Each structure stands twice: as structure tokens, then as C-alpha cells.
Amino acid sequence: MGSKLGWLKLPLYGVLLFLYLPIAVLIFMSFNQSDAPFTWSGFSTRWYGELLASPEILIGFKNTLLVAIVATLLAVILGTLLAVGLARYQRSAALEAIALTPAIFPDLALAIGLLTLFTNLNYALGLDSVIISHALFCAAFVTAIVRGRLHQLDSSLEQAAADLGDTTVGTFFRITLPSIKPAVIAGALLSFTLSLDEFVIAFFTNGPSTPTLPIVIYSMVRFGVSPEINALATLVLLTSALIIIIAQRNLKVKDQI
Amino acid sequence: MRMVRKATVGSVAALLLIGLSACGGAGSGSSALDPNADLSQQKLTVSIWAAYYPEDIAAKFEEKFGTKVTITNHATNEEVMAKLTAGGDSGIDVAFVSGQFAQALAAQGLLENLDKSLIPNSSNLIKEAEQLSYDPGAKYSLPYAWGTTGICYRSDLMKGDEPTSWNDLLTPKAKYKGKVTMLATERWLMLPAQKALGYSANTQDEAEMAKVKDLLIKAKANLLAYDDTTFYERLVSGEAVMVESWDGWCNYGTAKNKNIKFVVPSEGSDLWADTMVVLKTSKNKEAAHAFLNYIYDADVHSWVVDNILYKVPNTAAMAKSLPALVGDFPNMGISPNELLQQEGLVDLGKASSLYTRIATEVTAK
Amino acid sequence: MSSFLSIQNLSKSYGHQVAIKNLSLEIAENEFFALLGPSGCGKTTLLRALAGLESVDSGQIKLANQDLLPLPANKRPVNLMFQSYALFSHLSVYENVAYGLRRERLPKDEIAQRTDQVLKTVALLAQKDRSPSQLSGGQKQRVALARAIVKRPKILLLDEPLSALDKKVRAEMQLELKRLQAEAGITFILVTHDQEEAMSIADRIALMDQGEVIQVATPVELYRAPKSKFVADFIGENNIFAGRVSGNSLLVADHLLPIPTTHLPKDANALLVVRPEQISLVTNGLLSGKLISSNFYGGSTLLFIDCGLGQLVKVASSLDQAPKVGAICNLSWNLNDALLLAN
Amino acid sequence: MAQVLVRAERDAVKRRALLARTIFLLPGLSYITIFMLIPLGFIFFYTFLTRGTYGGVEYIFTLENYTRALDSLYIQILIESILIAASATLLALLIGFPAAYAITKLSSNWQNIFLLLIVLPFWTNFLIRTYAWIVLLNTQGFLNKGLINIGVIDQPLELLYKPGAVILGLLYAYLPLMILPIYSALVRIDPAMREAAINLGASPAQAFRQVTLPLALPGVLVGSIFVFVPSVGNFIVPELLGGGKTVMVGNLIRDQFLKARDWPFGSVLAICMVVMLLLLFFIQARVNKSVLGEKNG
């Protein structure tokens, strides 16, 4: 490990301590016997049992995963194509601003706008309308990240491929895509993260019978966070850490960002 | 660039077209309901606050009537109102909203007038609860639970200073500074100051509201926080000693700590009611009426009293559950008459923006 | 000559990989000195150690008999021109060159005067407000050079400055470096792996291998009198015949080749070193064999002749004299042109 | 004959370019047109309507919503939100930059691990993570209990329900979004430049200030936008950690849409915020371009 960090160790470990202090509290509270948030009354895995016995949290979690995955796929396709289009074929600041607006549009106003659109098209609200909405702002982030990467890459690669008789689509798959693969992965990771946590748009564009986890948690927060949710958060944290460690082994994350 | 310009022009035209169709017809009316419709063919979507109903109500109802019931949660009135008023079919058949919001929905012609013949159990409805200010005659809503707002406090931590007036909350003694919370939801944020100054909780007089604002701004200095969710938890933990609270909710604190008591301040308070309404856009109105009727069954409604510690305007249910509870939870014993002396909240119409603006100004100061 | 820069018993290693092994070297003032050697021989590490960008494990460096090692990198009267030029991409050409003078807190007009003057010498005054990303390779190289010499350091270190340039521009730049060194009166230390570059512009060359100096000499001496097989092999094209001494000739794969008088005992292993241009084609000579191939190098042609010695003999000849491939040639060379080395 | 050939060839090129544009631009742009421009159109359409007496919308054209937006109360809230978001962004920069700089100094394997450690907290639910701060910091929380037990203090510290707590919450929520762009800018700087500066007489501190910092500026700008934009619009942190006593633009818009059920006025505030953020984006892009010099595209 970089022993030559010297005083730089302070900010680095300081940041990690800061980020993980609440997480530690979460994990700690998930093993608390009683549900009183401020008093520790003995170790127990009671809440993990209760978690498995509370269907709406698990269903909510399943819905959230489904939305996050499909929305990320859609966002990656749309976002990457748009980024390449803006970088290589149609340079215009106005279009780039439009491509970014979904990411900075206040989510409540976007939610109300989307809700009005869906109701006017009398499109039955459900998980699909949430997926469509999430893909919208996730694509904006993918476009931003992939566009940033294309900005540094030498654009003559594509011209060379075209010159050698490759079709537009062929060039994209054989030349452009491989060179931006790390950025696309980074974009996908970010989209997945954002969709996983999104509450406002999900609440307004969702059907009545398919709540996502953030909605379930938000409606339950009336009585303070019940420990089952801490238990779920702990499980989510551990599984995602595992997935990352495995993925990190073979996928060089470092040069994607 | 040309291609994009074409697309945006196209969308604006489409928008105007769609926009116009969004305004639904005004006025409420009721289409004739078929009393012996086959409820097993119908399905119900009910939007209600979390943990505010028997866990198994959906399963039990389906068992009894064969109707597939989906329960969805909303955290506040405002959120479900936004969904219901966005135009088109929200997919919700029955919604649980506070009285003044039911009034607003009815005024926008979104509610189905209730066909009492399909709700025989409504005979259990306490007479006094039939003429509530937001829906005199219970034409489009049935109260699910009702009560009043007051001060919930730690009698052990406030020995000798037990609160009796709203001013005890608004201008607490120095040693209680920073240990007081008030409700964040607008109408109940204003309530203590309105009552302390002797005004109506539905006042639309700007001069009065200006004085209410000043009093609230002065009170803010002593506040720990505005909180309408976890305030009773603060009493249990001792973070707060006195909180503005709905009567039922204070009982959650009392259940955890006997010293937590509730008082209706001398200047009077409000009469709130959480109601059940049926949406005009619902395609399962008969099942909806059956659901309301099912809630008003003495056993089901008394579940609410026993488990949520709320008073319900159902004579049979109260008679069944009250005696066991009134000892531990005195505010369950507030009689319907006493409740009726409090002021019912009604929708403010145009003045809503005034209230919101004042609430913003108070919290932003 | 009084030594201007004296390096004594310098060593430096990264973990267990030794970069500089107990190296000593003396360099005179105003000398154009070259550090030559294959990549990984430690020449760049030595250069960076002089600049203070690498720490050393032991040893001493004195510049004008002032101890250099205690001085921090930014206080040493030494400037380094980086192989990658390392121009500041966020500053203009003018600001790049003026950067060093600003650190010396010189008066404004002196900075302006000296910066413009050095930009004129490298013919880049017209590009002074451009950003480095808009310059050609040659121009970038000249800015990097200007930036280093404008501070008039006692020693200018150049880390393979011409490697990124094409042949023609590189030749021009070699001449320019020579001119600038003479004109500016600064001691240049050039690091390169290109022996032709070192031979053509350096006053003296230190040939390095695996962290040690093998031989320090003028280019001609190095070419004519290589101290070891490594030097002979590294500098220019060479024929090196390995064999055993017998009388006044060397037994190489059952051929007896005449050798200059030597004190080496009988049957000692020795190397006979003969330059291709010292071998001439004769009617009958010391060796004969079939011409395998001939490579045209512009000025001269290099012939490869198989004389059954286990290695091809390289002979330099002019194009018109070169025989056809496959022809039998007789080779001879003047005895005192060759060199005998112990092996 | 020659011109015909030339024109045919030019048309082919033009057709190819149009084809490329359609393949790449059409999917993304049409999606954005349908699902953002039209909803944005609705919101914009609402700004000219009046609020129904009981909520909903009445089709009476008015500009009153815009004049109301100029009310000093809302301007004051906007300024306060900008100050809070800006201080969270500044703190994120002061903590994030050294951390990002430290990561670039590690071996490539450790760089991976630390980057993942920074992103990982994002995958637990944001609401619970923010809530955990309450369990930590409120008067009965772990911190206060701990400090009282070891006798450092006798009265619990009142840390929450102040603007400071809101800044802490926003900093906690978006710090990783500051670290990642700065890291990627720093890791791309040619280390030789720093050595060149030192060789030219700059002290390590001067070299950092005059070489490393300017070149990391684009990363800093992107990171600051990534922290500032969501912070201004956030309404959960002011509610949970600010105790409802701090009102930011996010709360304002939410209150208009939900509490006052005044969609027209809420729409005006939303549009103003979008315009402000787009302006910010252009300023950032402009500064970025001038710092990076005329890089391609």
C-alpha cells in the first residue's frame, strides 16, 4: 500500500471514516434487540427474521432491482448513442444542453410533468412507466460520462475506419465502442446507483400496486426507520461489496472513471 | 439542427392538444350502482397511510367477497392528492385522506357520492359525526378515525409546569427551550397560534394571519424542530419534553412511557377526521362500497381502536374497545360532544397559497 | 583539467534492483558530455539524481566543488530537459519559458527581455502566445530547450531530447544543440541510447552498462580503441573474432589470423577487433569467402562474407566496387589497424 | 461526366453523414423530446394558468405566477439555498481534493479498492443513511451519550436541526461525486510537469499551486457541479437533518406542488431553477474550455 502517503493519509482515511460512520450505525442497529433507535439492548438477528417475514419490503426491493437494471440498460443504449452522435457527428452546444437537462431538472417538477403526460396519454401507470422515467435522467448521466471520454479520444480513429470502407454501424461496434467501454461501464454503474435510490419520480410515475423500495421506506419513515430496513440495507451493502470485489478482480475499474 | 427544430415544434402542437383534454368535467354525481354486482369479478386498489390498517385486511376482504385487494401506501395527504388530481385515472379506487382534502377532491368532481344503501353498517356512524364541516351529511366521505390536536408531554420531566394552554407550547419556560416540537403540516403548524390568539383555524383574514405569523416566528426560537412523524419517539427518548401532537399519536408515546400525557389546551383545538372516499374514475364502485361497509363492521373498526389507539366515529366499535383502553389512554375517552366543540378544518380554497406562504416564511426565517 | 562536476562512488538501487553501482565520473566545464548505453543501464537515473529528482543511496556529487546532494531539487543550478518535454499545457509558450525566471523573482523587464531573446535564438518568437498543444514536435522540443537554458544553469541535462523527432529534423537539432552549447557556454550532459547522435555531437562520451561506467573517452578514441567487447560491439559496426593465441596469430575456427605483437600467453583466449572499413578487397589476402549479401547505406555499402569463421565478416566498400552476391572475395587488412583484447 | 461523378460522390458522403446522424442522434433525442420536452412543455404551460380554488388547474391565462416569484421571501430562500449548497460544495472540495490526490499516489490496485470503497455507500438507501446521522448526532444520540459517559460534556450538544446539519447531510450525500471527477483529472496529469516546475526552481508547494491545481481545475469544476446541482434541489436532507427549520428551493417547489397544490406557481419556481442551473452549466463549460486550451472538440 502507498506508504509514501505521509500526511495525505489524514484526508484519505478521514473521508472513509466519514462515509462509513453512518453505515456502521446502520449495521450496528440492525442487530439491536429492541427497535428503540437510541438504546442498545442486546444482540439479536431478530430483524433479519422480520425482514424475511415482511413481504412489502422484499417486493419493494425486487421491484427496485428490476427498475434499476432495465432502466440502466435503456439508459446505456440511448445515452451512449447520443454521446457518440454529439461527439462525432453533430457538434452543437444547444443539443448538449438539452441532453444534460434531464439530469439537472428538479425531480419533483419532472415527476409531475411525466405524470401529466402519462395520464393524458391514459397510459396505465406501473413499473414500466417508472423504468421509462428513470431511463430518461440516467441516460443524461451516461451521455455526460461517455461524452467526456470521447472528448479525450482522437476522433481520427473513426475517420480512419470509415476511410477503410467500414460502415457507420461497423465503425461504432468495432472501433468506437471498444475504446469507450470503460466509460460506458462507469455510466451504467452510476445509472444503476441513481435509479436504486430514486424516490420522487418513482412515487409519481408508479402504479398503485408496484411500489419500489424507496417508496416503501419513505412511507414507513413515519415511525422512524424500522430496523428491518437497517437489516435490508446491511444485506444490500454486503452483497454489493461482494459483487464489486469479484468484478474488480477482472474488470479494471480504475481507468474507467 | 434542422431535424431537432422540427421535433420541438411538433411537440408543442401536440402538447396544446393534450393539455386541453386534461380538464375533466366539474361537479359530482353518482351513476346508478348495481347492488348485486359480482364482487369477485372486481378488484380494489386502496391508498392509505402505512401501518394504519389491519395487516390482513386485504386477505380477509378477499376471503369474504372474492375481490382482489391491493393496498398501496402514501406518507402524507399531499402526495396522494397530487396523484388523484393529476387528471386521468390514477388507478386508485378507495383513498384515505383527511376531511379538508376530501372536500377539495369533491369540489373538483373527482369523488363518487356514496350510495348508503350499499353501506348498511354506516348505521354505526355516530350521529354527531354525520354533520362534519368538510362534508355535511357525509355525502361523499365516511370518517375512518377522528380526534383532536393538543400537547403531548412528559409529565415526569415537566413536574409543576404541566401545559394547559397553547402558550405553554409557543412560549415555553427557559429550561424547556430546545425541547419542544411543533407539527410541520401547514394547517396544524398554524393551529396553536390561531387558537392562542383566539382566531378560527380556517380564518382567511390576512391581518389575523399576519399576527399568527409573528407569533409563530417568535415561537420558532424555542423549537427543537418541526416534526410530524417521529415526535413521540423524541418524548420517549427524552430529546423533547413537549410536542404538538394528534391525540391518537400521543398514545404511541404513552404506550412506551406511562408519564407521557395528552392535554387539549384551554383555548380549544381542531376536530380532524381521516376519511374514506371512492374515486369517480374507479371501475369497481360496488366493491369500494363493500370495502367501506366492511370497515364499518364493529369488529374490523374496533381493530383500529385497539391497535392504532385512535377514536373512531363508530358507536358499536367504540363500545366494544373503549372500556379496556380508556384507563391507559385517557384521550380515547374524549366524547363525541367534546370533539364537536373543536373546530373542523375545511379546505381554504384560494387562501391555501396564503397559508403556504406564511408557513414558508415561518420555517425559512 | 580541473573537474567542474565530480561524481564519486555514487550508488542507487530500487529495492533489490541496482540502478547505479558505485559510479565515479569527472566532467569538465563547458564540456558537451554524453551518457551512452542500452536502455536500463542507469543513465537516466544518474541524470535525474544530478537534477535532484531521484535520491541516492550513497556517494557524493560536487559541482564547482560545492556539494550538490544537500541542495533540494529546486535550488540546484542544474536544469533538465525532459524526454517528454513536459511543457505546461495550461500556459502559453512565453509563460512556459518565463516560468523559471519568475521563480527567481527577477525584475519584470529582465524576464521579458531574456525570454524574448531565448525564443529568438530557437526561432519561436512568432509562436510565443500559442499553447503547447498547437506546436509541432520540433517546435515543442525547442521550447523545452529554451525553457531550460533561459535560466543560464551551470549544467544543462538533456534526457534523450531528440528521440521523438524524425531523422531530418533530428540532424538539424543536433547541429543546433552543438551551436547553442558553444554560444551559451553551459556544460551539457546528454543522455541517449543512439550512438550516432552521441558520436556526432559529444566532446566526450561515457559508455554505461548495468549501472557502471565501462569507458569514458572521446568519440574517436571510443571508436578506435574500445576497452572491452561490450564497447567494441556497441560502438559502430565491428568484426570481433574470438579465438586462441598461437604465436603471432589467432586460431579462429581452424583459420590462423595474423595479430599485432602481444604479451598475451600462448593459447590465451583473445578477441581480434577489425573495423569493416579497415578490411579491403584484394586479389589474394588473409581470408576468402562467398559474398552472402550487401546492404546499401547511402555513403557506403556493407558486405557480408562467409569465410567459414562461424560468423559473417563485415566489409565496408563503395557501391561501384561492390561485387555481385555469390562472388568469391579475398580480404586483407593492415595489421596495426586491428586490435587484440583479452577475453 | 466528371461533374456528375463528383456530385454523385458528394451526395453519397452527404447521405452517409445524414444516416450517421439519424442512427446516433434520433433515438436519444426523440426519447428526450417525448419524455422531457413534452413534460417540460406541460410545466411551462402550467406557469401561465391559475390555480383552481380547490387545487388542480384552471385555464385562465395569467402572468401573476411570475410576478409572485419575484417576492423577496422566495429570493431570500433561493439565496439561502445557494449559500447552503455552495458551502456543502466547498467543504466537499476541501475534503475531496486531498483525498482524491492521495488516491492517485497509491499503487494501481489500491487505487481501485479505494475508489470502490468511496462509491459503495451509494448503494445503501439514501434515506436510511441520512437517518443514521440522526441516530448518531441528536441530543440522545450515540455521540452525545458517549461524550457524556466519558465526562467530556455534561449537557448534550445540540448538533442537529440547524443549517450546519443540513450542510453536513448534503456533504455526506454527494462527497463521492466530487472525489471521482477530481481523481480522473489528477490521474491524467503528466507527472513530469510537476518535476519540470521543481527543476525550474519552484518549491513543491509552488509546483502544486501552479501546475497540479490548474490542471485539475476541470475535474474540480465538474465535481462542484455534480455536488451543487443536487444539493440545491434536495428536500429530504433539510427535512430530516434540518428539522424542517431550514427551507431550500427543493422544499419550496415541493410545498407549492403538494401542500399548496399550486401547480402553476410550483412550475414557475421549477423553471427558474432549471434556467439557473443551465446558466451555471454554460459558465462551467466556458471556464473549462479556456483552461484546457484548444483541445480537439
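Reply: Start with two helices of chain C. Val93(C), Asn96(C), Val97(C), Tyr99(C) and Gly100(C) in H2(C) meet Val143(C), Ala146(C) and Arg147(C) in H4(C). Contact requires C-beta atoms, placed from the backbone, within 7 Å. Helices are DSSP runs of H or I with at least four residues, strands are E runs of at least two, and both are numbered from the N terminus. The model is predicted: local features need pLDDT of at least 70, side-chain atom pairs count only at pLDDT 80 or more, and totals for chains, interfaces and linings use all residues. Residues are numbered from 1 along each chain as its sequence is written, while chains are lettered from A and ligands numbered from 1 in the order written.

Me: What makes H2(C) roughly parallel to H4(C)?

Reply: Helix H2 (residues 93-103) and helix H4 (residues 137-149) of chain C pack at about 30 degrees, with axes 7 Å apart. Axes are lines fitted to C-alpha atoms, for helices over the stretch in contact, and angles run from 0 to 180 degrees between N-to-C directions. Angles under 35 degrees count as roughly parallel, over 145 as roughly antiparallel, 65 to 115 as roughly perpendicular, the rest as oblique. So H2(C) is roughly parallel to H4(C).

Me: How do the residues of that contact divide by class?

Reply: Five are nonpolar, two polar and one charged. Ala, Val, Leu, Ile, Met, Phe, Trp, Tyr, Cys and Pro count as nonpolar; Asp, Glu, Lys and Arg as charged; the others, Gly among them, as polar.

Me: Why do E6 and E10 of chain C count as edges?

Reply: The open sheet has six strands in the order E6-E7-E8-E3-E9-E10 (chain C), with mixed pairing. Strand E6 (78-81) and strand E10 (212-217) each have a single partner strand, so one side of each lacks a neighbour in the sheet. The twist averages 20 degrees from one strand to the next.

Me: How do you know that E6(C) and E7(C) pair?

Reply: Pairing needs at least two bridges found by DSSP. E6(C) and strand E7 (residues 155-159) of chain C have four, in the parallel sense. Those four bridges therefore meet the pairing rule. Asn79(C) stands opposite Leu156(C) in E7(C).

Me: Which element gives the largest share of the side of chain B that touches chain A?

Reply: E2(B), with four residues. In that interface, 27 residues of chain B are in contact with 23 residues of chain A. By class, the chain B side has ten nonpolar, 13 polar and four charged residues.
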